[in-house]
Structure formats: structure tokens, C-alpha cells
Amino acid sequence: MKLKFLALAAVAASLSACATTGGMGDPIASAWVGKSAGKFFAAYGPPLADDGTGSVFTWKGGYKRVRGEYKSCSATIAVNGDYNIRSITVTGDRQGEFSPSYCRELLAPGSVKPTPAPAPAKAAAKTAKTQKKS
């Protein structure tokens, strides 16, 4: 009986560790889980609302216009008693400049490798003409 209880306790502990990390395979979670929510809100703007207990916040920010399109990011941020981020879950995202996720580019910029923008059509056509002449 003790062995079953210990096995169950070990499984429960490992599952709860996964739940509290905020998905550490996620670059945004890796960048922010365990860090101060105050630093996050100072860097990216205050939350829109909280759950009434001050432990789960709704946030939206990162407003930016890129090539005529407005970008922003939305997230739910859960904090612990010390006001450190326990989990961060993206709830609204857009295509980024360099990746499929603008939120990732904004909140975990080190996880995105910028790629050069494609050459404008005119410049590419001019280059093709120059290469044909050679």
C-alpha cells in the first residue's frame, strides 16, 4: 500500500511541476516564468484587468504598426504570492515580422532569429535583368 501511495505521490508531484512551469518549452514562458510581474508590466504596459484576487491578470500590449498592419499581443498572466509570474499564456497573437508569432518576437526576442526581408519586386526584377546581360 505504501508503494502505491509513493508512486501516486511521485506522479502527482511531476504533473504539478509541469503545470506550474507555464510550459517551459515555450520561449515566452522560458523568458518570463519566475520573474517579477512588476518588471513585465513596467516593460510592456499595465494589465487590462485582474481576476479580483490579484493573482491572474489579463494583459494586452506591444502595439506596433508594421507595413500598414497593426500588431498587438494578448496574454493571461498568473502570479504567485511574491508577485512572480507563475504562468503566461498567449490568448491573442498575430503574424510577426520574422516569425509566425508577434508575441514571441515581442516577449522573447532572443528566441527569434531575424531573417532578411524579401527583396522588393522592382529590385529583384532589376537584378534579374542585370544578371541576364552578363
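**View 1. Helix H3 across the sheet.** Helix H3 (residues 37-44) lies across strands E2, E3 and E4 and runs at about 30 degrees to E2. Axes are lines fitted to C-alpha atoms, for helices over the stretch in contact, and angles run from 0 to 180 degrees between N-to-C directions. Helices (H or I, at least four residues) and strands (E, at least two) are DSSP runs, numbered from the N terminus. The model is predicted: local features need pLDDT of at least 70 and side-chain atom pairs count only at pLDDT 80 or more, while totals for chains, interfaces and linings use all residues. Residues are numbered from 1 along each chain as its sequence is written, and side-chain values use heavy atoms, with hydrogens and water left out. The protein has five helices and four strands, in the order α-α-α-β-β-β-β-α-α from the N terminus.

**View 2. The four-stranded sheet.** The strands form an open sheet in the order E1-E2-E3-E4, with antiparallel pairing; two strands pair if DSSP finds at least two bridges between them. Strand E1 (49-50) and strand E4 (85-92) stand at the edges with a single partner strand each, so one side of each has no neighbour in the sheet. Two bridges join E1 to strand E2 (residues 56-66), and Ala49 has Thr58 in E2 as its bridge partner. Nine bridges join E2 to E3, where Lys60 is partnered by Ser74 of E3.

**View 3. Two hairpin turns.** E1 and E2 form a hairpin with five residues between them, and Gly52 in the turn has a positive phi of about 95 degrees. The hairpin of E2 and E3 has two residues between the strands, and here Arg67 takes a positive phi near 50 degrees.

View 4. Tyr70 is found in strand E3 (residues 69-79). Tyr70 is exposed, with a relative accessible area of 56%; buried means under 20% relative accessible area, exposed over 50%, and partly exposed in between (1.4 Å probe, protein chains only). Not counting residues up to four places away in sequence, Tyr70 touches Lys64, Arg65 and Arg94, a contact being heavy atoms within 4.5 Å. The side chains of Tyr70 and Arg65 make a polar contact (3.2 Å). Such a contact is a pair of N or O atoms within 3.5 Å; within protein, one must be able to donate a hydrogen and the other to accept it, and residues adjacent in sequence count only if both atoms are side-chain atoms. The C-alpha atoms of Tyr70 and Arg94 are separated by 9.1 Å, with the two residues 24 apart along the chain.

**View 5. Salt bridge between Lys64 and Glu97.** A salt bridge is a side-chain nitrogen of Lys or Arg within 4 Å of a carboxyl oxygen of Asp or Glu, and the count by this rule is three. The side chains of Lys64 and Glu97 meet in one of them (3.3 Å, N to O). This pair links distant parts of the chain, 33 residues apart: Lys64 is in strand E2 and Glu97 in the loop between E4 and helix H4 (102-107). Lys64 is partly exposed at 38% relative accessibility, as is Glu97 at 30%.

View 6. Lys71 forms a salt bridge with Glu69, their closest N and O atoms being 3.5 Å apart. Lys71 is buried, with a relative accessible area of 6%, whereas Glu69 is partly exposed at 36%. Glu69 also forms a salt bridge with Arg94, with the closest N and O atoms 4.0 Å apart. Glu69 lies in strand E3 and Arg94 in the loop between E4 and H4, so the pair ties together parts 25 residues apart in sequence. Arg94 is partly exposed, with a relative accessible area of 38%. Through shared partners, the salt bridges join Glu69, Lys71 and Arg94 into one network.
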